Amino acid sequence: MMRKIAGFLFSPALMAGILILFAISIGAATFIERFLGTGLARTLVYNARWFELMLLLGTINLTGRIIIQKLYLPSRLPVFLFHISFVVILLGAALTRYTGWEGMMSVRENEQSNVIVSNQLSLQVFTKEVSGVELNFDPGHFHPVKKSVVLCDNQYHIEAKEFI
């Protein structure tokens with residue numbers, strides 16, 4: 001049973017399916033972004049769990065193919081470097097996705113800037129004494145939020161009813 005699962009998980013057919021699905025999904029995301037906006041393309045495709053799963057399966061498949069075909073042998077070094085480079089790119093993308101954040105910094109010619117505008121839609125509540133709460137919103141999956149917060153011995157009730 002495990003042999004069958006491994007055989008499928010590391011098969012060229014699975015990689016072909018993943019590549020076709022990847023091409024279709026990023027093509028669709030391009031049209032969604034063009035006609036309906038970047039936020040919706042991010043929500044439906046780029047930030048979706050199925051897209052992450054597809055990239056994870058591709059990375060597992062590629063790593064398995066490297067081991068099964070023994071691409072690490074000195075005689076197959078060019079093919080190994082080609083395949084391992086995609087694994088490194090995908091691992092780097094995962095690392096920045098889960099540990100980094102996105103934003104935009106506007107820097108005019110011959111000027112400096114120390115301000116970054118985050119792409120994350122959020123509400124931040126701060127006081128002089130304590131930095132408190134951050135509520136994050138996703139326009140594609142917005143649900144009303146109610147939260148009680150204690151800042152500086154005062155209780156506050158925060159409610160987000162709709163996303164505009």
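Visitor: How many salt bridges does the count come to?
Guide: Two. The rule asks for a side-chain nitrogen of Lys or Arg within 4 Å of a carboxyl oxygen of Asp or Glu. Before we go on, this is a predicted model, where local features need pLDDT of at least 70 and side-chain atom pairs pLDDT 80 or more, while totals for chains, interfaces and linings use all residues. Residues are numbered from 1 along each chain as its sequence is written, and side-chain values use heavy atoms, leaving out hydrogens and water.

Visitor: What makes R49 and E52 a salt bridge?
Guide: Their closest N and O atoms are 2.6 Å apart, which is within the cut-off, so the pair counts. Both residues lie in helix α4, three residues apart, or about one turn of the helix. Helices here are DSSP runs of H or I with at least four residues, strands are E runs of at least two, and both are numbered from the N terminus.

Visitor: Why is E52 called buried while R49 is called exposed?
Guide: Buried means under 20% relative accessible area, exposed means over 50%, and partly exposed is in between (1.4 Å probe, protein chains only). E52 comes out at 14%, so it is buried. R49 comes out at 62%, so it is exposed.

Visitor: Which residue besides R49 is linked with E52 in a network of salt bridges?
Guide: R97. R97 pairs with E52 too, and the closest N and O atoms are 2.6 Å apart. That pair joins distant parts of the chain, with R97 in helix α5 and E52 in helix α4, 45 residues apart. R97 has 34% relative accessibility, so it falls in the in-between class, partly exposed. R97 also lies over the face of Y98, at 5.9 Å from the ring centre.

Visitor: How do you know that a charge sits over a ring, as with R34 and F35?
Guide: The test wants NZ of Lys or CZ of Arg within 6 Å of the ring centre and within 35 degrees of the ring normal. The charged end of R34 is 5.6 Å from the centre of the F35 ring, and it is listed as sitting over that ring.

Visitor: How many aromatic pairs turn up in a search of the whole structure?
Guide: Five. Rings of Phe, Tyr and Trp (its six-membered ring) pair if their centres lie within 6.5 Å; planes under 30 degrees apart are stacked, over 60 edge-to-face, and the rest tilted.

Visitor: Why is the F31 and F35 pair called stacked?
Guide: The ring centres are 6.4 Å apart and the planes are at 5 degrees, so the pair meets the rule for stacked. The two are four residues apart in helix α2, about one helical turn. F31, at 56%, is exposed, and F35, at 60%, is exposed too.

Visitor: And what makes F82 and F86 edge-to-face?
Guide: The planes are at 75 degrees, with the centres 5.2 Å apart, so edge-to-face is the label. F82 and F86 are both in helix α5 (residues 77-99), four residues apart, about one turn. F86 has 39% relative accessibility, so it counts as partly exposed. Elsewhere, ring pairs link F22, Y46, W50 and F51 into a cluster.

Visitor: What makes F31, F35, L36, L40 and L44 a patch?
Guide: A patch takes residues with over 30% relative accessible area and no salt bridge, joining nonpolar side chains (Val, Leu, Ile, Met, Phe, Trp, Tyr) within 5 Å and like charges within 9 Å. These five form a nonpolar patch on the surface, with about 540 Å² of accessible area together; such areas come from the Shrake-Rupley method with a 1.4 Å probe, and for residues only the protein chains shown count as cover. Helices α2 (12-36) and α3 (38-46) each supply at least two of the residues, and α2 gives the largest share, three.

Visitor: How many helices and strands does the whole chain have?
Guide: Five helices and six strands, in the order α-α-α-α-α-β-β-β-β-β-β. Of its 164 residues, 20% count as buried.
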